[in-house]
Amino acid sequence: MNGYERRELIAVNPLEKSTPLARCVVFFLVLCCTSLNLDAVENDAAENGAARRPNILWIVGENFANDLGCYGEPLVRTPHLDALAADGVRYTHVYSTSPVCAPSRSAFMVGMYQTTTDTHNMRSHRNDDFRLPPGVRPITHWLQDAGYFTANITHIGEQEVGTGKLDLNFVNEGPIYQSDDWSKLKSHQPFFAQINTPEAEYDIYDRKSAEKPRVKWVGEDWHPQVATPENVSPPPYYPDHEITRAEWARYLNSVSGMDVRVGWVLEQLKKDGLAENTVVIFFADNGRMEPRGIHWCWDSGLHVPMIVHWPKNFPPPPRYKPGAVNEQVISLLDITATTLEIAGIERPALMQSRRFLGKRADVQRKYAFAARDRIDETVARVRSVHDRRYHYVRNYIPGVGFPTLNRYKEKCFLIKPLMRRLHAAGKLTPPAAALMQPLPREMLFDTKADPDEIKNLVGSKDLRHRLALQRMRAALDTWISETGDRGQWLEPPDVAAPFEKEMHDWFGTPAWYKPAARKTKAAR
């Protein structure tokens with residue numbers, strides 16, 4: 001490994017494998033650095049004046065891959081995001097650190113891998129006294145210290161534009177935002193506002209999904225009907241079936257519906273005279289709302305869109321060019337340090353996030369890493385690393401895979417029970433039948449030649465594939481060690497067990513699931 005690759009993989013994790021005395025020294029240094037950072041923030045704000053800093057707006061799409069018109073998807077109508085990209089920068093190789101919302105958000109809201117901070121399991125630490133490690137804080141707290149007003153917006157007048165979602169695996173850090181009121185933004189500049197779009201998601205939060213014949217998609221009754229069951233082409237790892245095509249159309253129409261809400265937001269920015277002073281960043285929290293998308297470390301679960309639009313009243317950062325397409329590898333984790341850079345705030349000590357934009361932009365990543373751990377009642381441990389071309393995935397728990405029970409998936413994602421029926425009848429095509437098998441120990445995909453990630457190259461004799469496999473194995477091993485991946489220690493059974501009942505009450509349990517038979521088989 002050369003020096004550049006070594007620097008690429010290093011992430012600070014001073015607490016692993018250390019003595020108690022060493023830990024005390026590290027905590028003391030972190031607290032000192034945090035104090036110095038706060039002093040620097042306060043001094044910087046005093047010297048430059050908060051009014052000279054741009055407003056910052058995050059528009060966070062829920063469960064989307066790169067399925068906008070500006071990314072080449074023909075069966076959506078996304079004029080507002082397409083226009084934002086045409087006058088901004090569109091990023092093509094951005095990957096979330098988790099294929100599901102809470103761990104991903106717990107990472108990009110603090111700039112630290114969820115596997116480092118012990119926030120990697122889905123909706124964990126909601127009822128305990130867990131605190132983030134010393135020196136790790138929500139990004140909003142750093143921004144508030146620098147004079148930013150922070151808001152998590154749900155409505156503009158009567159129009160619903162956001163859910164107010166936090167879904168963080170830490171709940172004891174005090175209020176995350178100061179307001180949810182759009183009307184306060186104009187009089188509280190500079191501001192940092194976040195809007196979490198309602199799309200794309202199933203309408204599940206009445207917690208009555210188990211009672212419904214079909215759980216509808218949020219907004220499906222009014223979304224633009226650009227995609228139809230007749231004109232869509234679902235990926236080859238699904239059966240070509242009317243249920244598959246209907247669900248794929250509903251997803252694509254959710255993309256179009258989300259763009260309608262984005263249009264309301266951007267129009268109100270202009271009406272309020274804020275557009276020319278506000279950096280707008282659009283991204284998704286994790287990958288696509290499809291059975292093989294969210295929850296799993298395929299590209300469809302991790303590859304996310306990102307658009308950055310710079311306002312006219314502030315000089316753009318170096319290498320920012322309106323209309324540009326940026327192909328560098330970016331971890332969604334990097335949104336944290338980059339946002340602080342836009343606000344003129346020094347990156348805090350120990351933060352693993354990198355700045356991909358700005359005067360102090362960091363060396364570009366060679367790799368982007370991701371992790372999947374327990375989600376709801378479904379225990380798994382999967383790790384992933386991307387470079388510009390290859391994607392390496394490692395599974396740590398034999399027997400786990402796409403067919404593993406997850407009640408939310410079984411009830412809402414109609415394609416999954418369909419595949420069970422067709423698989424039992426021997427009617428699946430080879431790519432779809434392969435998906436119904438447990439995950440292998442390792443997978444390697446050439447995402448340029450095989451964007452659907454159908455062909456596992458781990459056994460390839462091609463020298464290029466063998467070298468890529470060796471390189472990415474080493475990259476992942478180093479990242480796990482350097483960042484102190486806490487997923488190697490599974491939660492105690494009594495922590496995960498309550499999710500079985502919660503998910504049963506919420507979504508029901510499919511008739512095929514026989515827990516006693518599963519336990520007997522596992523014992524053998």
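**Basis**

Residues are numbered from 1 along each chain as its sequence is written, and side-chain values use heavy atoms, with hydrogens and water left out. Because the model is predicted, local features need pLDDT of at least 70 and side-chain atom pairs count only at pLDDT 80 or more, while totals for chains, interfaces and linings use all residues.

**Overall fold**

The chain contains 16 helices and 13 strands; these are DSSP runs numbered from the N terminus (helices H or I, at least four residues; strands E, at least two). Of its 524 residues, 58% are buried, where buried means under 20% relative accessible area, exposed over 50%, and partly exposed in between (1.4 Å probe, protein chains only). Contacts are defined by heavy atoms within 4.5 Å. Among contacts between residues at least 6 apart in sequence, 75% join residues at least 24 apart.

**The sheet β10-β11-β12-β13**

Four strands form an open sheet in the order β10-β11-β12-β13, with antiparallel pairing. Its edge strands are β10 (368-372) and β13 (442-446), each of which pairs on one side only. On average, neighbouring strands of this sheet are turned by 15° against each other, direction ignored. Axes here are lines fitted to C-alpha atoms, for helices over the stretch in contact, and angles run from 0 to 180 degrees between N-to-C directions. Two strands count as paired if DSSP finds at least two bridges between them. Strands of a sheet pair through backbone hydrogen bonds, either parallel or antiparallel.

At one end of the order, β10 and β11 pair in the antiparallel sense over five bridges, and R372 has V382 as its bridge partner in β11. At the other end, strand β12 (residues 390-395) is joined to β13 by five bridges, again antiparallel. There the bridge partner of Y390 is D446 of β13.

Strand β10 is largely enclosed by the rest of the structure, because five of its five residues are buried. In a regular strand the side chains alternate between the two faces of the sheet. In β10, A368, A370 and R372 point one way and F369 and A371 the other way, and all are buried. Helix α13 (residues 463-483) lies across β10, β11 (382-386), β12 and β13, and runs at about 55° to β12.

**Cavities and a pocket**

Rolling a probe the size of a water molecule over the atoms shows where empty space is left. The search uses a 1 Å grid over the protein atoms alone: a cavity is a set of points where a 1.4 Å probe fits but cannot get out, a pocket is an open set with protein on both sides within 12 Å along at least five of seven lines, and lining residues have an atom within 4 Å of a point. Grid points are joined across faces, edges and corners, and a volume is the space filled by probe spheres set on the points. Over the whole structure, five cavities of 30 Å³ or more are found.

| Space | Volume | Lining by class |
|---|---|---|
| Largest cavity | about 150 Å³ | 10 nonpolar, two polar, five charged residues |
| Second largest cavity | about 50 Å³ | four nonpolar, two polar, five charged residues |
| Second largest pocket | about 780 Å³ | 13 nonpolar, seven polar, 15 charged residues |

In these classes Ala, Val, Leu, Ile, Met, Phe, Trp, Tyr, Cys and Pro count as nonpolar, Asp, Glu, Lys and Arg as charged, and the others, Gly among them, as polar.

The largest cavity is lined by 17 residues, and M122, R123, E201, H295 and Y408 lie nearest its centre. Helix α15 (residues 498-507) gives the most to this lining, with three residues. The second largest pocket is lined by 35 residues, the closest to its centre being R123, S124, R126, D167 and F499. Here too α15 gives the most to the lining, with five residues. Residues lining the second largest cavity include Q328, R354, F356 and D362.

**Two serine sites**

S98 is placed in the loop between β2 (89-95) and α4 (101-108). With 2% relative accessibility, S98 counts as buried. Not counting residues up to four places away in sequence, S98 touches, among others, D285, N286, G301 and L302, as well as A370 and A371.

S300 is placed in helix α8 (residues 299-302) and counts as buried at 7% relative accessibility. With residues up to four places away again left out, S300 touches Y237, G287, R288, E290, R292 and G293. S300 and F64 are 236 residues apart in sequence, but 8.8 Å apart in space, C-alpha to C-alpha.
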